[in-house]
Amino acid sequence: MSTLDRLKNGFKNELIAKRTELDLSQEKMAERMDISLRSYSDLEHGISFCSALSLINFVNNCNVDKDMLFAMFDKIINDAENK
């Protein structure tokens, strides 16, 4: 699995967990991230990775611990570099 695929998968899991925690529909999460429902669905299915602006909106509008999120990204990247 590529590093990008691992990042998509990790982010997908974070999205699903946060959406469940907030008890929101995919449509409402898409609104909070200021993206289309289709784009959000692609994120949740690991098809794509979000833009920097969508990531900022996710952190700012969904009560996301950015330190934890970026630590997860850092771990994925470091694990890939150390293989």
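Me: Let's start in helix α3. How far apart are R38 and D42 there?
Reply: They sit 4 residues apart in helix α3, so about one helical turn separates them. Keep in mind that this is a predicted model.

Me: What do their side chains do?
Reply: The side chains of R38 and D42 meet in a salt bridge, 3.4 Å from N to O.

Me: Is R38 buried or exposed? And D42, buried or exposed?
Reply: R38 counts as exposed, at 62% relative accessibility. D42 counts as buried, because its relative accessibility is 17% and the cut-off for buried is under 20%.

Me: OK, how many salt bridges are there in the whole structure?
Reply: A search of the whole structure turns up 6.

Me: Which residue does K18 pair with?
Reply: K18 forms a salt bridge with E21, and their closest N and O atoms are 3.1 Å apart. Both residues lie in helix α1, 3 residues apart, which is about one turn of the helix. K18 is buried at 11% relative accessible area, while E21 counts as exposed at 57%.

Me: What about E44 and R19, which helices are they in?
Reply: E44 lies in helix α3 and R19 in helix α1, so the pair ties together parts that are 25 residues apart in sequence. Their side chains meet in a salt bridge at 2.6 Å, N to O. Both E44 and R19 are buried.

Me: Switching topic: how many aromatic pairs are there?
Reply: The structure holds 5 of them. One of them is F70 with F73, an edge-to-face pair with 5.7 Å from centre to centre and 75 degrees between the planes.

Me: Where do F70 and F73 lie?
Reply: Both are in helix α5, which covers residues 66-81, and they are 3 residues apart, about one turn of the helix. F70 is partly exposed, with a relative accessible area of 41%, but F73 is buried at 8%.

Me: Which residues form the aromatic cluster?
Reply: F11, F49, F58, F70 and F73 form one cluster.

Me: And F11, what does it touch?
Reply: Leaving out residues up to four places away in sequence, F11 touches M33, L43, F49, C50, L55, F58, L69, M72 and F73.

Me: Last one: how many residues are in the largest nonpolar core?
Reply: The largest nonpolar core has 19 residues, and F11 and F73 are among those with the most contacts inside it. Helices α1, α2, α3, α4 and α5 each supply at least two residues of this core. The largest share, 4 residues, comes from α5.

Technical notes: Residues numbered from 1 in each chain as written. Predicted model: local features only at pLDDT ≥ 70, side-chain atom pairs only at ≥ 80, totals over all residues. Heavy atoms only, no water. Phe/Tyr/Trp six-rings, centres within 6.5 Å; stacked < 30°, edge-to-face > 60°. Buried < 20%, exposed > 50% of the residue type's maximum accessible area, 1.4 Å probe, protein only. Core = buried A, V, L, I, M, F, W, Y, C linked by side-chain atoms within 4.5 Å. Contact = heavy atoms within 4.5 Å. Salt bridge = Lys/Arg side-chain N within 4 Å of Asp/Glu carboxyl O.
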